[in-house]
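Me: I am new to this structure. Please show me how to read its features, one at a time.

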Amino acid sequence: MAQLTALDAQFLHFETATNHANIAGLAILDGDVNRSDLQDLLQQRLPYVPALRRKLAPVPLGLDHPYWVREDDLDLDYHVREIGLPPRGDDRQLAEQVSRLHARRLDRSRPLWEIYLIHGLSGGRMGLYTKIHHAAVDGIGGADVLAALLDLTPEPAPPPAVPPEEDEEPPTPLAMVGHALTRLAANPAQAVRFAAAAVPHLDEIPVVSWLPGAGLVSRLARRAAGAGQAPRLPQLPAPRTPFSGPLSAHRRFAFVSLPLEEVKEVRRAFGVTVNDVVMAVCAGALRRWLEAHGGVPDRPLVAGVPFSLREAGRTEPGNQVTIMTAPLAVHLEDPVERLRHVQQAMRRIKDRFSLAPARWLREFSESMPAALMGLAARSAFGLVGQTMPPINVAISNVPGPQFPLYVCGARLLTHYPVSVITDVSGGVNITAFSYNGSVDVGVVTDRRMVPDPWELTHDLRKSLDELRNEACRDTP
């Protein structure tokens with residue numbers, strides 16, 4: 001038995017008819033996987049993956065955050081499904097199918113995950129779409145769920161010798177209510193502590209950081225606390241773009257693979273990091289798209305960049321994540337200038353994060369009364385999304401294994417992330433995952449705002465080529 005943290009619960013509460021908190025991945029496999037074989041593999045490994053065998057237990061009257069309880073009668077026929085693509089079975093048809101699946105909310109009366117085997121893909125391949133709710137896992141936890149299906153060889157490995165941990169029995173409804181009332185009594189003091197602790201970090205919090213004097217107040221508070229000077233963060237309000245504002249209920253998805261060696265070629269030429277190159281490639285692609293759809297703004301876009309707060313070796317459930325904002329220099333025409341701009345911005349953020357990780361999102365969530373969180377989260381999302389979205393685009397780069405993996409004997413060719421867009425974070429999400437010599441990029445968009453995300457995937461390829469050409473020019 002485990003109770004959702006306040007941050008986990010936020011991912012439940014902000015969901016509406018148009019905002020969904022599904023995180024997913026599309027694996028392309030070389031070969032065809034049998035549904036019964038996949039179910040057998042899951043049956044063996046489920047005891048070692050708590051996120052897949054737990055469902056929500058709400059607290060009476062919504063007085064507190066729900067609990068996770070073990071599902072004793074897990075219906076794998078429900079959770080593991082299979083569908084087929086129509087003739088041709090090309091990548092665009094696959095992406096269209098994933099777009100529809102990703103826009104569907106998960107059934108909260110069951111464990112919050114689904115897997116789809118997608119047959120009929122051309123070239124003897126198949127798709128494996130895995131979806132799980134963000135309340136159950138963060139990016140690291142999601143990788144652990146995927147790892148439960150993967151093996152290092154075509155022959156599936158036997159289950160671990162160590163017995164799985166047993167879940168505790170859930171509390172009774174009366175005990176839930178008692179715990180909720182205790183937490184409710186402590187909330188005012190917790191809110192005061194959060195307000196005091198947040199003052200040195202006002203310049204890290206989107207929207208709040210734009211208020212006049214927020215940066216000065218933060219610097220004075222840090223100085224008064226003896227924390228010294230921290231790298232100043234760039235504070236720019238997000239410009240309006242065609243993908244700013246409230247979303248529709250529909251999604252679009254596209255994907256592209258970029259050679260990791262080409263990304264490293266640019267990294268070596270300019271003395272930057274792989275993440276800097278990925279961010280700059282995204283900036284170049286978004287600039288190209290904006291040039292073709294309404295014009296490029298005269299200042300940087302604001303990108304939301306997730307950072308993990310999870311310490312090495314820690315495996316506790318729940319979200320251990322925060323988000324930092326970074327300028328994305330789409331207004332600069334020269335690709336090398338864009339790369340240098342990204343490098344400087346990411347260096348400042350990393351230097352600041354290394355001094356004191358930005359925990360404001362988690363601490364803010366914990367300071368709110370659980371009974372009011374749902375209404376507050378939806379109201380805040382609606383208001384901010386319609387008036388002043390703090391973020392234009394969400395971008396994430398996740399390093400992965402550089403060796404081949406297998407699912408039920410079929411080799412994993414590529415793995416494309418399928419992530420979240422919201423009214424607040426903008427109608428475009430670009431997430432990259434490096435695997436076995438490739439950078440696999442998944443692009444999720446709002447169907448109304450960006451109806452053809454394949455334009456963006458083509459622009460990503462062109463943006464990388466542009467940087468490589470500059471790298472060759474600078475190399476003696």
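**Reading the rings, sheet and cores**

Reply: Start with the rings: the structure holds six aromatic pairs. Rings of Phe, Tyr and Trp (its six-membered ring) pair if their centres lie within 6.5 Å; planes under 30 degrees apart count as stacked, over 60 as edge-to-face and the rest as tilted. Note that this is a predicted model: local features need pLDDT of at least 70, side-chain atom pairs count only at pLDDT 80 or more, and totals for chains, interfaces and linings use all residues. Residues are numbered from 1 along each chain as its sequence is written, and side-chain values use heavy atoms, with hydrogens and water left out.

Me: What kind of aromatic pair do Phe11 and Phe14 form?

Reply: Edge-to-face: Phe11 and Phe14 are 6.2 Å apart centre to centre, with 65° between the planes. Both Phe11 and Phe14 are buried. Buried means under 20% relative accessible area, exposed over 50%, partly exposed in between (1.4 Å probe, protein chains only).

Me: How is the pair of Tyr116 and Tyr129 arranged?

Reply: Tyr116 and Tyr129 make a tilted pair, 6.1 Å centre to centre and 45° between the planes. Tyr116 lies in strand E6 (residues 113-121) and Tyr129 in strand E7 (residues 125-133), so the pair ties together parts 13 residues apart in sequence. Helices (H or I, at least four residues) and strands (E, at least two) are DSSP runs, numbered from the N terminus. Tyr116 is buried at 4% relative accessible area. Tyr129 is buried at 0%.

Me: Which residues do ring pairs link into a cluster?

Reply: Phe253, Phe255, Tyr416 and Trp454.

Me: Which charged end sits over the ring of Tyr78, 4.4 Å from its centre?

Reply: First the rule: a charge sits over a ring if NZ of Lys or CZ of Arg is within 6 Å of the ring centre and within 35 degrees of the ring normal. Here it is the charged end of Arg81. Arg110 also lies over the face of Tyr78, at 3.8 Å from the ring centre.

Me: In what order do the six strands of the open sheet run?

Reply: Two strands pair if DSSP finds at least two bridges between them. The order is E5-E6-E7-E2-E13-E12, with mixed pairing. Strand E5 (80-84) and strand E12 (406-407) stand at the edges, each with a single partner strand, so one side of each has no neighbour in the sheet. Strand E2 (residues 22-30) runs antiparallel to E7, and nine bridges join them. Ala24 stands opposite Lys131 in E7.

Me: Which residues touch the most other members of the largest nonpolar core?

Reply: A nonpolar core is a set of buried Ala, Val, Leu, Ile, Met, Phe, Trp, Tyr and Cys residues joined through side-chain atoms within 4.5 Å. The largest has 68 residues, and Leu26 and Leu328 touch the most other members. Helix H9 (residues 274-292) gives the most to this core, eleven residues. Another core, of 41 residues, lies apart from it; among its members are Ala27, Leu38, Val80 and Leu146.

Me: Which residues are buried in helix H8 (residues 260-270)?

Reply: An α-helix has 3.6 residues a turn, so residues three or four places apart point the same way. In helix H8, Leu260, Glu262, Val263, Val266 and Phe270 are buried. Gly271 follows H8, with a positive phi near 65°.

Me: How is Cys472 placed: buried, partly exposed or exposed?

Reply: Cys472 is partly exposed, at 48% relative accessibility. Cys472 belongs to helix H13 (residues 454-474).
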